[in-house]
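Have the sequence and the model open as you read.

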Amino acid sequence: MGQQLTGPIADTTVFDLRLSRRGQRLNKLCAALCSPQERDAFKRDEEAFMSRFALTEAEKELIRRRDFEGLIEAGTNIYFLLKIGSVTGTGLYKMGAQMRGESYDEFLATRHIRGAV
Amino acid sequence: MGRIVGGIGLSHVPSIGPVVDRGRTQEPAWKPLFDAYVPVREWLQRLKPDVAIVVYNDHGADFTFDKYPTFALGVAEHYAIGDEGFGTRSLPVVEGDFELSNHLAQALIYEHEFDLTLCQELAVEHGFLVPMNLCFPHSTNGWPVRAIPLAVNVIQHPLPTGQRCYRLGQALRAAVESFPEDSKIVVMGTGGMSHQLQGKRFGFMNEKFDQWFLGQLEADPERLARITHQEIMEQAGAEAVELIMWLTMRGALSPQARRVHRNYYAPMTTGMGLITFEA
């Protein structure tokens, strides 16, 4: 037991069962976005959409602010978070730039082949 | 009888899907990746596999944390194309092989004590489809091979250990070899290599680790299988832990399997590796 995960990893959130449990409502909201009708519903009325998932006010605020790092820390799995990214027009690399505290262009400048997007 | 004729380890980066769909594979930024698959496809045309067993992970298209299987096997005649939040790609439905799936389920559960979740309905997404796009391009007639999805939990810890994934591959080999029909099978281990998609460490890659992993997968897979999740995530990024699925592929081959192709390309945020073995 416990030999697979032995301690914290710098600048990394490990999505374990405890965190998944905390983020369950957020992840359910994300999973719902895997249908065009639900994506339309989100875009039409984000507040009404969020109200269906019993989120706390703090969780809703993270979505309103597009605080992707905050959403990760609140238990949203990165692959589920990408569905919020998609519906809000924030692709993976824009999300990543925000999490690194950089502008999109600053982030791209750190890549080997920036055309591979 | 069934026979495993080859194994492929390869990354399943989602951005590859739209590049294929929009005909951008020859653009300078992408050409080095796609060129590496030209000889692989020629090799596969010579091997003529009947079925590809694709060891992959779902990214929240069809499995959610309400119920999350550690290992899940597709046991259907067809698999739908999933919507993982970006729309459903216009791809043909994937043809499965129920007889082989049924045999694998019996053999893995009764003989080899891998108690899999069995899925009669499974919509597949980039984790499965990008490797298919790269190795088995579809035409108007559909895909050139039948395929069986084998999904692994690599996203919600506790994950299965590398050792367990390797042993699943060994069990898969034994199960295939007891299949009474003549059937040639390729096993694909997908995901990785180094990448991290969250936190301040977003975009982290480690080519040195990735090259070491490719080398060890060829030379000493038994030892490589003892790597821990912690070691992979520290050295190659949190999401690199998908690499444990490559161990299932390697376990399904004979220890003396001959490596045929090897490539590495890391343009943006993921070390995109490729390695093939002839069993």
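Strand S4 (residues 78–81) of chain B and S5(B) run antiparallel and are joined by two bridges. Within that pairing, B:Tyr79 has B:Val94 of S5(B) as its bridge partner. The two belong to an open sheet of three strands, ordered S5-S4-S7 (chain B), whose pairing is mixed. Strand S5 (94–95) and strand S7 (123–124) of chain B form its edges, each pairing on one side only. Strands here are DSSP runs of E with at least two residues, helices are runs of H or I with at least four, and both are numbered from the N terminus. Two strands count as paired if DSSP finds at least two bridges between them.

## How to read the model

This is a predicted model, in which local features need pLDDT of at least 70 and side-chain atom pairs count only at pLDDT 80 or more, while totals for chains, interfaces and linings use all residues. Residues are numbered from 1 along each chain as its sequence is written, and chains are lettered from A and ligands numbered from 1 in the order in which they are written.

For chain B the mean pLDDT (the predictor's confidence in each residue, from 0 to 100) is 97, and 100% of its residues reach 70 or more. The complex as a whole receives an ipTM of 0.96 and a pTM of 0.98 from the predictor.

## A covered strand in chain B

Is strand S8 (residues 146–152) of chain B mostly covered or uncovered? It is mostly covered, with seven of its seven residues buried. A buried residue has 20 or more other C-beta atoms within 10 Å of its own, an exposed one 12 or fewer, and a partly exposed one falls in between, with C-beta atoms placed from the backbone. On one side of S8(B) the buried residues are B:Arg146, B:Ile148, B:Leu150 and B:Val152, and on the other B:Ala147, B:Pro149 and B:Ala151.

S8(B) pairs in the parallel sense with strand S2 (residues 51–56) of chain B over six bridges, and in the antiparallel sense with strand S3 (residues 71–74) of chain B over three bridges. B:Ala151 takes part in both pairings: it is the bridge partner of B:Tyr56 and stands opposite B:Ala72.

## The largest nonpolar core

The largest nonpolar core has 117 residues, and B:Ile53, B:Val55 and B:Val187 have the most contacts inside it. Such a core is a set of buried Ala, Val, Leu, Ile, Met, Phe, Trp, Tyr and Cys residues joined through C-beta atoms within 7 Å. Leaving aside residues up to four places away in sequence, B:Val187 touches B:Ile4, B:Gly7, B:Ile53, B:Val55, B:Leu172, B:Met249 and B:Ala252.

## Chain A and its covered helix

Chain A has nine helices and zero strands. Its C-alpha trace spans about 45 × 40 × 25 Å along its principal axes, and 35% of its 117 residues are buried.

Helix H7 (residues 78–87) of chain A is mostly covered, with 10 of its 10 residues buried. Its cover includes helix H2 (24–32), helix H3 (36–44), helix H5 (57–64), helix H6 (68–73) and helix H8 (92–100) of chain A. Just after H7(A), A:Gly89 adopts a positive phi of about 70 degrees.

## Where the chains meet

The contact takes 41 residues from chain A and 38 residues from chain B; two residues are in contact if their C-beta atoms, placed from the backbone, lie within 7 Å.
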